[in-house]
Amino acid sequence: MAQPVVTFGEIMCRLAAPQHLRLRQARDLEVTYAGAEASVAASVCNFGGSARYVTALPRHALADATLDAVRSVGIDTRFVLRTDRGRLGVYFLESGANQRPSSVIYDRADSAIAVTPVERYDLKGAFDGARWLHLSGITPALSANAAEATRAAAQKAKSSGLTVSIDLNFRRTLWDWDGRADTRALAEATMRTILPFVDVVIGNEEDCADVLGIHAGHTDVHAGVLRIGRYPDVARQVVEQFPNVSKVAITLRESISASHNNWGAMLYDVRSDTADFAPLDGDGRYRPYPIHHIVDRVGGGDAFAGGLIFALTTDGLSDAATALRYAVAASCLKHSIKGDFNFSTRAEVEALMGGAASGRVVR
């Protein structure tokens, strides 16, 4: 069996207003379970890889349902800690359409992972025989406990010989556990203690600016057009600050509207000092996927991270350019799937990589 990818972070109950209703209109909410790191593990498993998940959950039926959702895609949950302290986090989703943006309301205070100290987790067991650890900037935003656990996981994984990746994932509304610092300053100070143990950094332009103070010139992500020529320099600035980093991936989302995005990404490789972009047209020029009718964009970044990790650890996909193409195609397909998890298969991703983008019925 392939060496597993391990992810650590919070999983929640997602309550979504159906059929693009506003939350104040909805009288019934659709229930699913997801979190950034669990979504990455789900992608790895759905592509045919192996993944373990580490988190803390309370002892009750809703947490049991959460684990059922994780196990249903083949994720190993042996290292999920059940605790008598803390609650199941919740987030409420209102899906936007056209010029009305989507919105998220978090209800995560005092969740199990937020109140659980790092020494309760069996990190040694979780990392035994594993090859990769994936983290995000969302979990350390929850509490000092969660930040310490994320940092300890990165440090332990690195010393155990695992490759460590992190998605910067800045969430402004979550960074409030230290009243002495504003949200951006707290995020930067905390993430700078984790990044020295990281090999692969994933983010977008806003994450790099908010978490690390690195900007891509005067590019405006809200204007619908990105100056992609500036992004290799952003990656080099990340590496200058954290020379332990070997790869930097930057997702490139052009938001035309809530229903229409253009989607692509860049992967910078430190050893070769080269930046690959995907997708490319027939002349080798960057041309993003046009996604005109988004079904659900939540989890799109996690689908990219899961695709990238799977590809980089899989024979035949692991060179930088191919791994990036795989990750971008995987995430593009996720925009057509309801819920946070990407239920696309490896065959479907590779078909899109090969140009099968018409959406014709497969019989």
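Contact here means heavy atoms within 4.5 Å, and helices (H or I, at least four residues) and strands (E, at least two) are DSSP runs numbered from the N terminus. The views below show a predicted model, in which local features need pLDDT of at least 70 and side-chain atom pairs count only at pLDDT 80 or more, while totals for chains, interfaces and linings use all residues. Residues are numbered from 1 along each chain as its sequence is written, and side-chain values use heavy atoms, with hydrogens and water left out.

View 1. Helix α10 spans residues 320-334 and helix α11 residues 346-353; they pack at an angle of about 110°, with axes 9 Å apart. Axes are lines fitted to C-alpha atoms, for helices over the stretch in contact, and angles run from 0 to 180 degrees between N-to-C directions. From α10, look for Thr322, Arg325, Tyr326, Ala329, Ala330, Cys332 and Leu333, which meet Arg346, Glu348, Val349, Glu350, Leu352 and Met353 of α11. By class, this contact of α10 with α11 holds eight nonpolar, one polar and four charged residues. Here Ala, Val, Leu, Ile, Met, Phe, Trp, Tyr, Cys and Pro count as nonpolar, Asp, Glu, Lys and Arg as charged, and the others, Gly among them, as polar.

**View 2. Four strands make an open, mixed sheet in the order β3-β2-β7-β8.** Two strands pair if DSSP finds at least two bridges between them. At the edges stand β3 (30-34) and β8, each with a single partner strand, so one side of each has no neighbour in the sheet. On average, neighbouring strands of this sheet are turned by 25° against each other, direction ignored.

View 3. Strand β2 (residues 12-16) pairs with β7 in the parallel sense over four bridges, and Arg14 stands opposite Tyr91 of β7. With strand β8 (residues 103-107), β7 pairs in the antiparallel sense over five bridges. Follow Tyr91 across to Tyr106 in β8, which stands opposite, and Val90 to Asp107, also in β8.

**View 4. Leu252 lies in strand β12 (residues 247-255).** Leu252 is buried, at a relative accessible area of 0%. Phe277 is 25 residues from Leu252 in sequence and 9.6 Å away in space, C-alpha to C-alpha.

Methods
Buried < 20%, exposed > 50% of the residue type's maximum accessible area, 1.4 Å probe, protein only.
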